[in-house]
Amino acid sequence: MEEEFHKVRRLPPYVFEQVNRLKASARSRGADIIDLGMGNPDLPTPKSIVDKLCEVVRDPRTHRYSSSRGIPGLRRAQANYYARRFGVKLDPETQIVATLGSKEGFANMAQAITAPGDVILCPNPTYPIHAFGFIMSGGVIRSLQAEPDAGFIPALERGVRHSIPKPLALILNYPSNPTAHVATLDFYKDVVAYAKKNDIIILSDLAYSEIYFDGNPPPSVLQVPGAIDITVEFTSMSKTFSMPGWRMGFAVGNERLIAALTRVKSYLDYGAFTPIQVAATTALNGDGADIAEVRDIYHRRRDVMVDSFGRAGWVIPAPAASMFAWAPIPGPFRHLGSLEFSKLLIEHADVAVAPGVGFGEHGDDFVRIALVENEHRIRQAARNIKRFFTSSAKQPNNVVPLAAHR
């Protein structure tokens, strides 16, 4: 009984837990940690959505089990959203299923379609569930570059050519978590054409579709004609409507794949609490003002972060979308790797970030910065980091030693 179970053995140590323990220890000693690590929105859910939840929850009939695939009105609202936003027509009965956030949708899709040994093409770095949902389901991950540029298709071709058996599925994530890369519709057209030619399923994570800046809305891969023949796309209301704890998302696309996911989910859960689904319907049917307000807040925070961190000596590229910045580790600290650098920031700057290695080994020269503190706190983080950089420059090798673990 002391030996770890098979699926648990396939999972690496959870990198973020090491940072979380150090963060909790610092707070227990009274440190004011500015937490830019976890992508946990700090903004309140819009009042109209909360009011609808409170209204519906008073009806005891809504306290019973719900449908795991989502109430009809919610699926219709999601179909209408795709029609307005992307010009994509979806059948609410056969091409949409509600999920408990996009993370649960990905994990259960992996359960639904993966046989032992199936090869999955996955960007590296990427959000952990994209890879580990399939690893826990018996699949094998083959890493691809994360950048949606001219090198992607050649990398995809190499991945297919050197994989035995032929890959089952390709994972896309744009706007990307953690890198904030954004794909173009032309990029999606090339990928869809290649995937259809080689009979590869596309699974697209579009959780950050509405968190974009500079007036450039990210497209959906389903806008490509014929993409729905091989594609399922996952969206989430967590960031768009500041509803992370509500656990509401969707999978949409190919009928056969949606049916497989629906069947697996029917064995595993009864779906989100009905009042949450009704409130989510209200959100999706809204006029978009709430979405625009959230987008504007993240836009301002992005600009403050890039400016204040830059003046502190840490130049960070401005992300075009998402609520994250993918920040290269400053030169004097790069040899430490992202985990040790993240620990140093907690110990000596009272700032928490997410180590890039937690998103894949190719992320180890970066950390992810989440825009989940207000502008004042972001400026304070920059001041703390500037003091740390100044003091570390006086140390041998420009590195402040990490305090011993307590």
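# Salt bridges and the open sheet

The structure holds 20 salt bridges. This is a predicted model, and I will take a few of those pairs one by one before moving to the sheet.

Start with Asp 42 and Arg 301. Their side chains meet in a salt bridge, at 2.8 Å from N to O. Asp 42 sits in the loop between strand 1 (34-35) and helix 3 (47-57), and Arg 301 sits in helix 11 (residues 289-311), so this pair ties together parts that are 259 residues apart in sequence. How exposed is each partner? Asp 42 has 37% relative accessibility and therefore counts as partly exposed. Arg 301 has a relative accessible area of 5%, so Arg 301 is buried.

Next, Glu 93 and Arg 75. Here the side chains form a salt bridge of 3.4 Å, N to O. The pair links distant parts of the chain, 18 residues apart: Glu 93 is in the loop between helix 4 (72-86) and strand 2, while Arg 75 is in helix 4. Glu 93 counts as partly exposed because its relative accessibility is 43%. Arg 75, at 2% relative accessibility, counts as buried.

Arg 302 belongs to helix 11 and Asp 214 to the loop between strand 6 and strand 7, so the contact ties together parts 88 residues apart in sequence. Arg 302 is buried, with a relative accessible area of 6%.

There is also a network. Asp 32, Glu 373 and Arg 377 are linked in it by salt bridges.

How many strands form it, and in what order? It is an open sheet of 7 strands, ordered 2-8-7-6-5-3-4, with mixed pairing. The edge strands are strand 2 (96-99) and strand 4 (140-144), each of which pairs on one side only. From one strand to the next, the twist averages 20°.

I will look at the end of that order that starts with strand 2. Strand 2 pairs with strand 8 (residues 249-253) in the antiparallel sense, over 4 bridges. Within that pairing, Phe 250 of strand 8 is the bridge partner of Ala 98, and Gly 249 of strand 8 stands opposite Thr 99. Strand 7 (residues 231-236) is joined to strand 8 by 5 bridges, and these two strands also run antiparallel. In that case Thr 235 stands opposite Phe 250.

Glu 233 is buried yet has no salt bridge. Where is the nearest side chain of opposite charge? That side chain is Arg 85, and it is 9.2 Å away. What Glu 233 does have is a polar contact, side chain to side chain, with Ser 204 at 2.9 Å.

Another glutamate, Glu 210, lies in the loop between strand 6 (201-205) and strand 7. Is Glu 210 buried or exposed? Its relative accessibility is 4%, so Glu 210 counts as buried. Glu 210 and Leu 121 are 89 residues apart in sequence, and their C-alpha atoms are 26 Å apart in space.

Last, helix 5 (residues 101-113). Helix 5 has 13 residues and reaches 19 Å from its first C-alpha to its last, close to the 18 Å expected at 1.5 Å a residue. Which of its residues are buried? They are Gly 101, Ser 102, Glu 104, Gly 105, Phe 106, Asn 108, Met 109, Ala 110 and Ile 113. As background, an α-helix has 3.6 residues a turn, so residues three or four places apart point the same way.

That is the set I wanted to show.

Notes
Residues numbered from 1 in each chain as written. Predicted model: local features only at pLDDT ≥ 70, side-chain atom pairs only at ≥ 80, totals over all residues. Heavy atoms only, no water. Pairing = 2+ DSSP bridges. Axes fitted to C-alpha atoms, helices over the stretch in contact; angles between N-to-C directions. Expected span 1.5 Å × (residues − 1). Buried < 20%, exposed > 50% of the residue type's maximum accessible area, 1.4 Å probe, protein only. Lys, Arg positive; Asp, Glu negative; His and termini not counted. Salt bridge = Lys/Arg side-chain N within 4 Å of Asp/Glu carboxyl O. Polar contact = N/O pair within 3.5 Å; in protein donor to acceptor, adjacent residues only side chain to side chain.
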